[in-house]
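Here are my notes on this model, point by point. Have it open beside you while you read.

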Amino acid sequence: MSAPKRNKPEGILRSLTGKNIVQGVRVVVLILFFVACIAIAVPVGVRVDFPSVLVVPVSVLLLISMAVKVFAVKDFYHKLFWYVLDSVLLIAFNVFSGWDIASVVRQPSYAYLAYVCVLSEFYLSAPRLRDGAVMFAVNLAAYTAVYIVNAVLAGELSNAFDISSQYFVALVVLVLHFIMFSFAMELSRKNRQIEENMRALEENRNELMRAYERVEEAVAVEERNRIAKEIHDTAGHSLTTVIMQTEAAKLSIRKDPAEAERCISAANLQAKNCLNELRLSVHLLSGRRENCTFREYLEGILEESCTGTGLTVRSHIDEVELSPEAERFVAGVLREGISNGVRHGGSTAFFFECKDMGNYIEVLLSDNGSGCARFKEGFGLSGMRAKAESLGGMVNFSSAPGEGFEIRLSLPAGCKRKGHAEEGGGTKKQAGKEKGQ
């Protein structure tokens, strides 16, 4: 199928751009200038009186200069030589056109049309209003000077400005011409600038939208990779521990049933923590958030840690809402601390505290395990320290033989979620029967 034909008026309107319109006006000005030169130069040239006959070559030179500016030279600054030449030729044109007229007050009143045409082309090309004002002032001064010289030579200086309408008509026409052309060209320049700015803004907006989409995609990929790494590290570490604990329980189930039971309890707790971490990661990936406060979330971790394990846990948790990253970190410290206490220290009781101190949040987890005089920060503890420092906080570990193990974490107030820094009460959790005490 052939493409639909465009309507001719629509095609004409599409072809009319700002530059085409200005060029068309230049051509019209050139035609008017040609008519003015014919009207002035032909009567003088017919008489063949010297030096008034010189107006003919001057007119030809002016026409050539105008044609060069309209059709050949496009850049304004390359036209400056021609504008200077125009000013000199206009003075000569004005002088020779009225040379053989005895009275200056009876000179042809349409000689200033040459000035109007030359200035019109200048106003159309000038990039700034200041340039047009300078050209107008120079040519008006030149026209006035020539008029005064002619009046002096004719001996009519005393009454030339009183009885002659030629100068005042030229003055009014030149001033109105300057005002109208300057206003029109300034309006045109502002419109072009607005259009260019709108196009630039549209391009910038599109580029920003594309950049935003790329950043959003990159952030989403980075967040998925981070969560995937957390799943890998947490699940791998936890499942390895569960396997080790169950292997130890299998080896000692006949020789030391109590030790085997302890290993099974620790493996069960570690498996629960691993499941909770996986569940949290799935929630983050799917964009869903659990319908509970941070305090309730921590209490749920303590409840799961106590159920079926024989652990005793006391806690005091203030109502404080942290950023998602800080919440995940505190929950991870709590799970890791309980798991380490049971696995390494044989702990049966824990105390957990999360307090809003105003300028910072303090988290404390202590147990009644065997403790040790010296300990080495492994993968879990060194990871806690690095994460706390990345959030702008700090973490300290302390232990002594028979004194258990203590984790003290401080996070800055910047980790709080805005509008949710309210103090809460405490709660106590105790589940199951105490074993081995």
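1. Start with serine 305: leaving aside its neighbours within four places in sequence, this serine is in contact (heavy atoms within 4.5 Å) with Leu269, Leu311 and Ile338. Serine 305 belongs to helix H10, residues 294-306; helices (H or I, at least four residues) and strands (E, at least two) are DSSP runs, numbered from the N terminus. Serine 305 counts as buried because its relative accessible area is 2%; buried means under 20%, exposed over 50%, partly exposed in between, with a 1.4 Å probe and protein chains only. Its C-alpha atom is 10.0 Å from that of alanine 266, 39 residues apart along the chain.

2. Some housekeeping. This is a predicted model, where local features need pLDDT of at least 70 and side-chain atom pairs count only at pLDDT 80 or more, while totals for chains, interfaces and linings use all residues. Residues are numbered from 1 along each chain as its sequence is written, and side-chain values use heavy atoms, with hydrogens and water left out.

3. Now the overall picture. The protein chain has 12 helices and 8 strands, and 39% of its 437 residues are buried. Of the contacts with a separation of 6 or more, 73% are between residues 24 or more positions apart.

4. What about the core? A nonpolar core here is a set of buried Ala, Val, Leu, Ile, Met, Phe, Trp, Tyr and Cys residues joined through side-chain atoms within 4.5 Å. The largest one has 38 residues, and those with the most contacts inside it include Leu298, Ile338 and Phe352. Helix H11 (residues 324-345) gives the largest share of this core, 8 residues. Another core, of 34 residues, lies apart from it, with Met66, Phe93, Cys117 and Phe136 among its members. Back in the 38-residue core, leucine 298 touches Ile317, Val330, Ala331, Leu334 and Phe352, leaving aside neighbours within four places in sequence.

5. Strand E3 (residues 349-356) deserves a look, with 6 of its 8 residues buried. Two strands pair if DSSP finds at least two bridges between them. E3 pairs with E1 (residues 312-317) in the parallel sense over 6 bridges, and alanine 349 in E3 is the bridge partner of threonine 312. With E4 (residues 360-367), E3 runs antiparallel, joined by 7 bridges; phenylalanine 352 stands opposite leucine 365 in E4. E3 and E4 form a hairpin with 3 residues between them, and glycine 358 in the turn has a positive phi of about 90°.

6. Which salt bridges would I check? Taking a side-chain nitrogen of Lys or Arg within 4 Å of a carboxyl oxygen of Asp or Glu, the count comes to 13. Arginine 295 forms one with glutamate 319, the closest N and O atoms being 3.4 Å apart. That pair links distant parts of the chain, helix H10 and the loop between E1 and strand E2 (320-322), 24 residues apart. Arginine 295 is buried at 15% relative accessible area, whereas glutamate 319 is partly exposed at 26%. Glutamate 325 and lysine 387 also meet in a salt bridge (2.5 Å, N to O). Glutamate 325 lies in helix H11 and lysine 387 in helix H12 (residues 379-390), so this pair ties together parts 62 residues apart in sequence. Arg26, Lys79 and Glu121 are linked in a network of salt bridges.
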